[in-house]
Amino acid sequence: MADNSDNDYWEANLGLIKMCLVIWALVSFGFGILLRPLLKGITVGGTDLGFWFAQQGSILVFLALIFFYAWRMNALDRKYGVEE
């Protein structure tokens with residue numbers, strides 16, 4: 001049976017995954033599709049902000065989330081003593 005430390009580690013890991021997925025969904029689906037009419041008046045690079053999020057912003061946020069997740073997981077691994 002797993003001890004409490006294992007459960008805490010996986011709870012922290014799943015919380016981090018959920019947070020990253022919510023941010024990614026908000027940026028890609030929310031800003032790029034649902035909130036696009038509200039962002040239409042703001043221009044970035046010659047186009048409206050909603051279109052920019054749909055085409056480039058969501059990709060850049062996704063890449064940033066990958067690096068953030070790796071950084072936070074390394075910290076969690078060290079905290080719970082499961083680093084490589």
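**View 1. Confidence along the predicted model.** In this protein, confidence is lowest in strand E1 (residues 43-44), at a mean of 85, and highest in H2, at 92. The score here is pLDDT, the predictor's confidence in each residue, from 0 to 100. Helices (H or I, at least four residues) and strands (E, at least two) are DSSP runs, numbered from the N terminus. Over the protein, the mean pLDDT is 89, and 98% of the residues reach 70 or more. This is a predicted model, in which local features need pLDDT of at least 70 and side-chain atom pairs count only at pLDDT 80 or more, while totals for chains, interfaces and linings use all residues. Residues are numbered from 1 along each chain as its sequence is written, and side-chain values use heavy atoms, with hydrogens and water left out.

View 2. Buried residues of H1 include Asn 13, Leu 16, Cys 20 and Val 27; buried means under 20% relative accessible area, exposed over 50%, and partly exposed in between (1.4 Å probe, protein chains only). H2 is part of what covers the buried residues of H1.

**View 3. Tyr 9 and its ring partners.** The structure holds six aromatic pairs. Rings of Phe, Tyr and Trp (its six-membered ring) pair if their centres lie within 6.5 Å; planes under 30 degrees apart count as stacked, over 60 as edge-to-face and the rest as tilted. With centres 5.4 Å apart and planes at 80°, the rings of Tyr 9 and Trp 10 are edge-to-face. Tyr 9 is buried at 12% relative accessible area, whereas Trp 10 is partly exposed at 48%. Ring pairs join Tyr 9, Trp 10 and Tyr 80 in a cluster.

**View 4. Phe 68 and Trp 71 on helix H2.** These two rings make a tilted pair, 6.0 Å centre to centre with 45° between the planes. Both residues lie in helix H2 (residues 49-80), three residues apart, about one turn of the helix. Phe 68 is partly exposed, at 30%, and Trp 71 is exposed, at 54%. Arg 72 lies over the face of Trp 71, 5.9 Å from the ring centre (a charge sits over a ring if NZ of Lys or CZ of Arg is within 6 Å of the ring centre and within 35 degrees of the ring normal).

View 5. Ser 58 belongs to helix H2 and is buried, with a relative accessible area of 11%. Leaving aside neighbours within four places in sequence, Ser 58 is in contact (heavy atoms within 4.5 Å) with Trp 24, Val 27, Ser 28 and Phe 53.
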